[in-house]
Amino acid sequence: MMRKIAACISAAAMAALLLTGCGSNLKNTVHSIDDLKGKTIGVQLGTTGDTLAGDIEDATVEKYNKAADGVQALKQGKIDAVIVDLETAKSFTEVNQDIQILDEEFADEEYAIAVKLGNTALQTKLNEALDALTQDGTLQRIKDNYEGDKKGQYPYVVRQDLSRSKGKIVMATNAEFPPYEERQGGEIVGFDVDMMNAVCDYLNYELLIEDMAFDSVIPAVQSGKADVGVAGLSVTPDREKNVLFTNNYAVTHQVVIVRK
Amino acid sequence: MNFAESFRQNFIEADRWRYLWDGLCTTLLITALAVCLGMILGFLVAIIRSTYLRTHKLLIPDLICRLYLTVIRGTPVVVQLLIIYFVIFASVPISKTFVAVIAFGINSGAYVAEIVRGGIMSIDVGQLEAGRSLGLNYTQTMAYIIMPQAFKNVLPALANEAIVLLKETSVAGYIAIADLTKGGDIIRSQTFSAFLPLLAVAAIYLVMVVVLTRLVGRLERRLAANDRR
């Protein structure tokens with residue numbers, strides 16, 4: 001009986017392999033932003049890439065829960081392109097040899113920390129901390145740790161000698177967005193995490209991270225479930241109606257990923 | 001923001017109600033086709049399983065069916081959906097709705113199979129023996145004596161399975177299908193308000209389920225009408 005079951009399983013596996021093997025000739029059809037017209041574009045739901053793709057003529061927009069699922073679909077030829085933030089696009093292309101980033105880019109965007117509307121006290125404190133960290137070069141070192149030639153050389157070490165007497169800051173994020181936030185060995189790491197740790201160290205707060213879907217980050221801040229939303233959030237007019245943003249801590253732009 | 005303003009922002013502005021309407025159509029389409037596929041698969045599996053249990057024939061098909069039931073009932077439907085989309089149909093350009101129909105149909109088939117098998121096994125074995133002793137062969141006995149009674153017994157349970165399936169399709173958004181749930185999520189991602197889009201989605205599911213439950217109740221009463229108990 002065991003042998004028969006094993007035979008069944010291997011037959012099923014072989015059938016799956018056969019199906020996977022075919023149709024591997026996937027040509028790239030997108031060579032510029034103009035080429036996106038009428039194509040099928042993958043985005044992560046609720047991102048600025050989602051908004052940009054929605055403005056492209058006749059394009060079909062596939063809204064995935066994670067940018068990585070969009071990239072997977074792109075590699076398999078299910079969609080023609082993915083619109084995502086530059087640094088995240090780089091993390092994807094580093095590990096996937098068969099995709100590339102188009103040279104042509106969308107307009108600049110600024111990342112900032114979101115706090116609840118009306119919570120100007122926290123906004124002021126965060127701005128003060130961001131200013132101080134910019135002045136003493138901490139923010140630049142954290143940035144360098146995640147991109148450029150000195151990658152990995154400045155890991156941020158959380159200070160252990162603080163009383164954390166000011167209480168805690170709950171940070172809502174979506175740990176699917178390397179290098180800003182991702183899970184590594186059960187821990188959430190990334191630029192945003194290091195930056196918030198530095199901010200909390202400066203302000204003597206304890207940092208708690210809540211991982212959730214990207215489109216839940218702003219509602220979590222609005223409803224007070226989290227104190228801050230830090231998830232590579234670009235400042236847009238729509239979002240500004242719903243949350244308060246600090247000064248920006250990074251500048252980026254959306255890019256298009258296509259197959260090679 | 002007051003209720004009217006919030007309502008306008010979530011549903012009227014930029015024609016956002018269309019996300020819910022289109023999503024509802026997608027949900028209903030996937031559910032209807034998946035129910036059909038599930039019924040076909042389920043009846044096939046149930047007939048094979050009960051034939052093996054009653055006559056000890058069809059050993060190999062029975063083993064395959066048991067493997068199917070174990071794998072499908074032992075893994076979450078979301079995982080099955082993702083496997084079918086990203087692994088089985090990896091580099092095949094295929095309609096996502098089709099993938100969802102296959103995934104939910106195969107999933108539902110496993111539950112339908114056990115419901116129908118229960119129905120067939122609930123018919124006293126004496127009826128099978130009586131049929132055979134009257135000169136009908138096994139297939140005829142099944143078709144004319146066992147199945148009509150079994151079908152009547154399981155019809156309400158099958159209808160309930162269809163209702164469950166309707167709600168289970170809410171995970172179709174994982175492969176970027178814009179179904180009803182995803183429609184609500186899209187509105188949420190644009191307006192950043194959770195209250196109205198989620199309540200609207202919940203209300204639409206609830207109305208559909210209540211209507212279907214009513215229909216099942218009516219069906220049950222109709223079926224019971226000629227029972228002398």
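A residue is called buried here if 20 or more other C-beta atoms lie within 10 Å of its own. By that count, 42% of the 260 residues of chain A are buried. Keep in mind that this is a predicted model.

Some overall figures next. The C-alpha atoms of chain A fill a box of roughly 65 × 55 × 40 Å along the principal axes. Chain A has 9 helices and 11 strands. If we take contacts between residues at least 6 apart in sequence, 68% of them join residues at least 24 apart.

In what order do the strands of the open sheet of 8 strands run? The order is β2-β1-β3-β11-β4-β10-β5-β9 in chain A, and the pairing is mixed. At the edges are β2 (60-64) and β9 (206-211) of chain A, each of which pairs on one side only. Helix α7(A) packs on this sheet and touches β5 (168-173), β9 and β11 of chain A. The direction of α7(A) makes about 150° with that of β9(A).

Inside the sheet, take β4 (residues 99-116) and β10 (residues 228-229) of chain A, which pair in the antiparallel sense over 2 bridges. There, A:Val115 stands opposite A:Val228 in β10(A).

Next, the hairpins. Strand β6 (residues 176-177) of chain A runs antiparallel to β7 (residues 181-184) of chain A, and 2 bridges join them. A:Phe177 has A:Glu181 in β7(A) as its bridge partner, and 3 residues lie between the two strands of this hairpin. β7(A) is also joined to β8 (residues 187-189) of chain A, by 3 bridges and again antiparallel. A:Gln184 stands opposite A:Glu187 in β8(A). The hairpin of β7(A) and β8(A) has 2 residues between its strands, and A:Gly185 takes a positive phi there, near 55°.

Last, helix α6, residues 138-146 of chain A. Which of its residues are buried? They are A:Thr138, A:Leu139, A:Ile142 and A:Tyr146. These four sit on the same side of α6(A), because they cover an arc of only 100° around the axis. As a general point, an α-helix has 3.6 residues a turn, so residues three or four places apart point the same way. The cover over the buried residues of α6(A) includes α5 (120-135), α7 (191-203) and β11 (243-259) of chain A. After α6(A) comes A:Gly148, with a positive phi near 90°.

That is the tour; I will take questions.

Methods: Residues numbered from 1 in each chain as written. Chains lettered and ligands numbered in written order. Predicted model: local features only at pLDDT ≥ 70, side-chain atom pairs only at ≥ 80, totals over all residues. Buried ≥ 20, exposed ≤ 12 C-beta atoms within 10 Å, placed from the backbone. Arc of directions from axis to C-beta. Contact = placed C-beta atoms within 7 Å. Pairing = 2+ DSSP bridges. Axes fitted to C-alpha atoms, helices over the stretch in contact; angles between N-to-C directions.
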